Each structure stands twice: as C-alpha cells, then as structure tokens.
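Subject: Structure handover

Hello,

Here is the structure I promised to pass on. Please open it alongside this note; my findings follow below.

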Amino acid sequence: MFGALDGRRVLFVVGKGGVGKSTVATVLAVAFAEQGKRVLLAQMEPSRRLAELLGLPGASASEGVVETLPGVHVLTVDGESALSEYLALVLPVRRVQRMVVESKLYHHFVAAAPGIKELMTVGKIWYEEQLTTGRGPKWDVIVVDAPATGHVLQYLRMPSAAVEAFGPGLVRREAQKVMALLVDPKRTAVCPVTTAEEMPVNETIEMYEQLRERLHMPLGVLFVNRVHAAPVASADVPAVPAGATPLVDDVLRCAREEAGWAAINRRYLERLRNAVPMPTVVLPFLFAEEFGIDEVRALMAKATPHLGAFTGGDFA
C-alpha cells in the first residue's frame, strides 16, 4: 500500500470541479521538485488556477513549457496544437505539413472527428513521457492536472475507443501506445481528489469504480482536501451569554459552524474509507484570503510525511 506512487512517472490528478485538483497537483509538483526531480506540471485544459497558484502572468500558463519554480515546468496541453505537433513528426517535409494544416479538409476533420482532440491531448502526455536527454528521461515526473470528472473520463477512454474503432494502421498503432501507458502500473497512477462532503464523495466513489472496472487504470493516492477539525462537538459549544458583545457572538457562532463541518467531514471520510480502499492523504482546510504558493507550501508540509511513505522517497 505504501508504495502507491513509488517509481510512477505520470500522475493523473482527477476529481469533481471545485475540490482543489489544481492545488493538489501543484503540491505534488513542488514536493517532487524539492526532492530534486525535474517535474512537468501539465494541465489538460486551459485554466487560470495554476497561474494564480504559481504566481504566473495570465498568458504565460498557455505559452509552451514555462519554468515557474526551480524544477517545476508548466505546460497547457491543447488537443489541436498537439495534433499539429504530431503531424510535424510524421510529415517531416515542412511544405507538406503546412499544406495539410492549412487545408479546409483538415480543419473540417478536426472539428468533426469525434474524440480526436481528446486523443491527441492524452497522446501529448504520452509523448512528453517518452522524451529523453543525454542523461535519461527529460521529465522525472509528469503531474497531470486533469479536467472535471466527466470530462477527464472521456479523455482517458479515447485511446481504447480508438483502438476499437480504427482498423490496422497509424491511428490504431499510436492509440495502442497511449493506452499501454495509461494501464501500466509501473509508470502511471491516478490520484483522485475530493472533499469530505456528499456530492464530491458520491462522485469519487463512482469514478473509482469506473477507473477500476472499465478503464483498468492503476490507482495511486486519494487526497481528501479542505477537511475541518474541531476540538469539541457542536452541541458542546456554549450558548451566547446574556449581554455578550457581538465579538463573543461571532466567535461562538463560528465555533459551532466549524464543529458542524468537522462532524460532516468525519462522516464522509468514514464512507470514503469503506468504499474507496486507497492510501489516503487528508489535507486540512486553510483559512486564507488569498491562496498562492505560500498556502501550497503549507499544505505540502502537511502532506509530505505521507508522501515519503507513498513514494519511497525522502520528502523531509
């Protein structure tokens, strides 16, 4: 169990929208980089969230590979751009490549072909995993900040769907390569992210079953984000005494609210442990007006004792 991420080079961080996938992906990327690894943090759809977390100017997060922190490189993967890049590899004559990419038929094909952009997006992740330098793989770890659950499952299904849909030939061969990466437990792991609340937990349980039963993808670590803790139960918070100041009233109200959230989180954490038997890292709710790299590091300090066990590495 504790080797859940050991040696895995591609980590898909998945979950319901709004549960903190980008935050967890950034925590993982920074943690691996501080371990001395060269990390690619790839987002499968354009988003401002990574730029906000890493302090990037808005446009930089979508302009190729950008080094944001020592060892952490960010890439926004776009399916159409990935297809053009792929054509440059298989059509080495630039004039022929330009003729294809600029043709109306090509643009109609890209717009109409079901799943082609999704296939090429996942294919780009495969391509980056294959890149090497004179010293070995270009990236020690690729952390993929995936889109929301429903959409990411479409991305992850596409390689196997393409293998089934296409006869022998180029597309099928390339899809088989990508599919081999997705189901390889030595190279790949899926790390779900959730909050300990009803809807996210229900979606996480459903996604866990699909990943295991339909996609046969290897699982890594489950991250439960924004978990509240309280030293007392809601019923034990005293009533507001007569004549209390507004400040006392606000403090006691907040204490009851925090205790209520803690009770909800405990209940759904228990449900997760029963329904999703994965190594689990619980991340606390951080009270912060702005959420940036300082908060990422604060969460990393909470997560790294567990990550060291899960990866076999030293995150101290």
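Helices (H or I, at least four residues) and strands (E, at least two) are DSSP runs, numbered from the N terminus. This is a predicted model: local features need pLDDT of at least 70, side-chain atom pairs count only at pLDDT 80 or more, and totals for chains, interfaces and linings use all residues. Residues are numbered from 1 along each chain as its sequence is written, and side-chain values use heavy atoms, with hydrogens and water left out.

Overview

The protein has 11 helices and 10 strands. Of its 316 residues, 47% are buried. Here buried means under 20% relative accessible area, exposed means over 50%, and partly exposed is in between (1.4 Å probe, protein chains only). The accessible surface is about 15800 Å², and carbon and sulfur atoms hold 56% of it. Those areas come from the Shrake-Rupley method with a 1.4 Å probe; for residues, only the protein chains shown count as cover. A contact means heavy atoms within 4.5 Å. Among contacts with a separation of 6 or more, 76% are between residues 24 or more positions apart.

The sheet

Eight strands make an open sheet with mixed pairing. The order is β3-β4-β2-β7-β1-β8-β9-β10. The edges are β3 (66–69) and β10 (280–284), and each of these pairs on one side only. On average, neighbouring strands are turned by 25° against each other, direction ignored. For that angle, axes are lines fitted to C-alpha atoms, for helices over the stretch in contact, and angles run from 0 to 180 degrees between N-to-C directions. Two strands count as paired if DSSP finds at least two bridges between them.

Look at β9 (residues 222–227) next. Strand β9 runs parallel to β10, joined by four bridges. V227 stands opposite P284 in β10, and L222 has T280 of β10 as its bridge partner. On β9's pairing with β8, the sense is again parallel, over three bridges. There, T194 stands opposite V224 of β9. Why is β9 largely enclosed by the rest of the structure? Five of its six residues are buried.

Helices on the sheet

Helix α10 (residues 246–275) lies across β8, β9 and β10. Its direction is at about 175° to β9. N265 belongs to helix α10. With a relative accessible area of 2%, N265 is buried. Leaving out residues up to four places away in sequence, N265 touches A196, E197, R226, V227 and H228. V227 is the residue that stands opposite P284 in β10.

Salt bridges

A salt bridge is a side-chain nitrogen of Lys or Arg within 4 Å of a carboxyl oxygen of Asp or Glu. By this rule there are nine salt bridges.

One of them joins E128 to K124, with the closest N and O atoms 2.8 Å apart. Both residues lie in helix α6 (residues 116–130). They are four residues apart, about one turn of the helix.

E129 is buried, with a relative accessible area of 6%.

R187 also meets D184 in a salt bridge (2.9 Å, N to O). Shared partners join R9, E129, D184 and R187 into one network.

The aromatic pair

How many aromatic pairs does a search of the whole structure find? One. The rings of F285 and F287 have centres 4.8 Å apart and planes at 65°, so the pair is edge-to-face. The rule: rings of Phe, Tyr and Trp (its six-membered ring) pair if their centres lie within 6.5 Å; planes under 30 degrees apart count as stacked, over 60 as edge-to-face and the rest as tilted. F285 is partly exposed, with a relative accessible area of 29%. F287 is exposed, at 66%.

Best wishes
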